[in-house]
Amino acid sequence: MNTTELKEFLPGRTEEQGTRGKREKTFHPDGSVDRTGFGQKEGTGKWRFDERNNAYCNAFHEKKGYIENCFATFRAPDGTHFFDYETDTGFFQRVWRRAPTE
């Protein structure tokens, strides 16, 4: 997906299944992002689009410091799920979908 397509989903709330379990993220229009896992808030970070690489990036304070990761996103054939791969390593990171509206 390119950044124009990503802008249909971000900002917004997502549900994801990754290599470390299930999480939700809420991407706010002001560039902040809240991360929740196992029903508890894990932290607030920042997010942005990387137009040059057709990706989005988010950054959080981790044990190793403030870490930003950028992701290339691919749409699954079902049109509902998306796959994120780290742009610097090509490593699969997670599958996500837009969270249902409440």
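This briefing covers the disulfide, the strand pairing, the nonpolar core and the aromatic contacts of the structure above. The model is predicted. One disulfide is counted in it, and a search of the whole structure finds 10 aromatic pairs. The largest nonpolar core has 12 residues, and two of these, Phe27 and Trp47, also belong to a cluster of linked rings.

**Disulfide**

- Cys57 and Cys70 form the disulfide, with their sulfur atoms 2.0 Å apart, and a link of this kind is a covalent bond between the sulfur atoms of two cysteines.
- The torsion about the S-S bond of Cys57 and Cys70 is about 105°, so the disulfide is right-handed.
- Because Cys57 lies in strand 5 (residues 55-62) and Cys70 in strand 6 (residues 65-75), the pair ties together parts that are 13 residues apart in sequence.
- Cys57 counts as buried because its relative accessibility is 0%, and Cys70, at 13% relative accessibility, counts as buried too.

- Strand 3 (residues 32-37) is mostly covered, with five of its six residues buried.
- Strand 3 pairs with strand 2 (residues 21-27) in the antiparallel sense over five bridges, and Phe27 stands opposite Val33 of strand 3.
- Four residues lie between strand 2 and strand 3 in the hairpin that these strands form, and Gly31 in the turn has a positive phi of about 95°.
- Strand 3 is also joined to strand 4 (residues 40-50), by six bridges and in an antiparallel arrangement, with Arg35 having Gly43 in strand 4 as its bridge partner.
- The hairpin of strand 3 and strand 4 has two residues between the strands, and in this hairpin Phe38 takes a positive phi near 55°.

**Nonpolar core and the surroundings of Phe27**

- The largest nonpolar core consists of Met1, Leu6, Phe9, Leu10, Phe27, Val33, Trp47, Tyr56, Phe60, Phe71, Phe82 and Trp96.
- Which residues are in contact with Phe27, leaving aside its neighbours within four places in sequence? They are Leu10, Pro11, Gly12, Thr14, Ser32, Val33, Trp47, Tyr56 and Asn58.

**Aromatic pairs and charges over rings**

- A pair of aromatic rings is described by the distance of the centres and the angle of the planes.
- Among the 10 aromatic pairs found in the whole structure, Trp47 and Phe49 form one that is edge-to-face, at 5.1 Å centre to centre with 85° between the planes.
- Trp47 is buried, because its relative accessible area is 10%.
- Phe83 and Phe92 form an aromatic pair that is tilted, at 6.4 Å centre to centre with 50° between the planes.
- Phe83 counts as partly exposed because its relative accessibility is 29%, and Phe92, at 30% relative accessibility, counts as partly exposed as well.
- Ring pairs link Phe27, Trp47, Phe49, Tyr56 and Phe71 into a cluster.

Conventions
Residues numbered from 1 in each chain as written. Predicted model: local features only at pLDDT ≥ 70, side-chain atom pairs only at ≥ 80, totals over all residues. Heavy atoms only, no water. Disulfide = S-S within 2.5 Å. Buried < 20%, exposed > 50% of the residue type's maximum accessible area, 1.4 Å probe, protein only. Pairing = 2+ DSSP bridges. Core = buried A, V, L, I, M, F, W, Y, C linked by side-chain atoms within 4.5 Å. Contact = heavy atoms within 4.5 Å. Phe/Tyr/Trp six-rings, centres within 6.5 Å; stacked < 30°, edge-to-face > 60°.
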